[in-house]
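Hello,

Here is the structure you were expecting. Please open it alongside this email; the notes on pockets and cores follow below.

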Amino acid sequence: MSIVFQKPRALADVPLHYCPGCTHGIIHRLVAEAIDQLGIEGKTVGIAPVGCSVLAYNYFSCDMIEAAHGRAPAVATGCKRANPENIVFTYQGDGDLASIGTAEIVHAAARRENITVIFVNNAIYGMTGGQMAPTSLPGQVTQTSPYGRDVKTVGYPVKVCELLSQVDGAAYLERVAVNNVKNVRKAGKAILKAFTNQVEGRGFSLIEVLSSCPTNWGMTPQKALEWIDSAMIPYYPLGVCKDITKEEG
């Protein structure tokens, strides 16, 4: 009997530590499936910075490097330039990439570094206890915005894909979600394309993944998935923000 479904080879056979209902595990699998499909596990290097993604090095079978908070794109740049034949990806949360790492990601895109960025947006600081993040929604209640995010005093959320779409060096930017089967399948295709772009030398690709954080949102796993649909997607619309690969053919 042929095997039709199994754990990807690029995903280590160990239990995940994430909270019940967290969708990091789904995203890990999609990344590993892309690595498997392209047959690049032996030359792939992942960069895991600070945050809930800090332990990603436990879960991927490829080489992994831990970076300082927000500096994953800089580390990835060094890895890729030192060994251009390697496939290099960063796996970053919103508290990392869209806060202390904003300059790093903007300039990596501006330089059109040939790397792949997986950006997990759950609209909150997860590992450190649920503080307001750069991506927290207007009115969203967090540990540091108990009355809801007030845009008059703290400003508006950062829309990373839209921001980077104005940077000439960015080649491919797409926002996806992993809250239902249909969206998971679309997310897998986007992640595969982002890695394929790097294999083909097309430049900087970033996939923003809307992800759930039931623990810090104070919701059940099911309600958290529904909240992505009802609150996050209307503010962070899904789809391709930029794709110069279509123009290049």
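**Pockets and cores**

The second largest pocket holds about 180 Å³ of space. It is lined by 13 residues, and Cys19, Cys52, Gly126, Met127 and Asn216 are the closest to its centre. Six of the lining residues are nonpolar, seven are polar and none is charged. Please keep in mind that this is a predicted model.

Now the largest pocket. Its volume is about 210 Å³. The lining has 17 residues, with Gly51, Cys52, Gly95, Gly126 and Met127 nearest the centre. By class, nine are polar, six nonpolar and two charged. Helix H3 (residues 94–100) gives the largest share of this lining, three residues.

On to the interior. In soluble globular proteins, nonpolar side chains tend to be buried together. The largest nonpolar core here has 31 residues. Val31, Phe60, Phe89, Ile118, Ile191, Phe195 and Ile207 touch the most other members. At least two residues of this core come from each of these elements: helices H1 (24–38) and H7 (181–199), and strands S3 (87–93), S4 (116–121), S5 (170–177) and S6 (204–210). H7 supplies the largest share, seven residues.

Which residues does Ile191 touch, leaving out those up to four places away in sequence? They are Leu30, Val31, Ala34, Ile118 and Ile207.

There is also a second, separate core. It has 23 residues, among them Cys79, Ala108, Val167 and Leu206.

Best wishes

Definitions and conventions: Residues are numbered from 1 along each chain as its sequence is written. This is a predicted model: local features need pLDDT of at least 70, side-chain atom pairs count only at pLDDT 80 or more; totals for chains, interfaces and linings use all residues. Side-chain values use heavy atoms; hydrogens and water are left out. On a 1 Å grid over the protein atoms alone, a cavity is a set of points where a 1.4 Å probe fits but cannot get out, and a pocket is an open set with protein on both sides within 12 Å along at least five of seven lines; lining residues have an atom within 4 Å of a point. Grid points are joined across faces, edges and corners, and a volume is the space filled by probe spheres set on the points. Helices (H or I, at least four residues) and strands (E, at least two) are DSSP runs, numbered from the N terminus. Ala, Val, Leu, Ile, Met, Phe, Trp, Tyr, Cys and Pro count as nonpolar, Asp, Glu, Lys and Arg as charged, and the others, Gly among them, as polar. A nonpolar core is a set of buried Ala, Val, Leu, Ile, Met, Phe, Trp, Tyr and Cys residues joined through side-chain atoms within 4.5 Å. Buried means under 20% relative accessible area, exposed over 50%, partly exposed in between (1.4 Å probe, protein chains only). Contact means heavy atoms within 4.5 Å.
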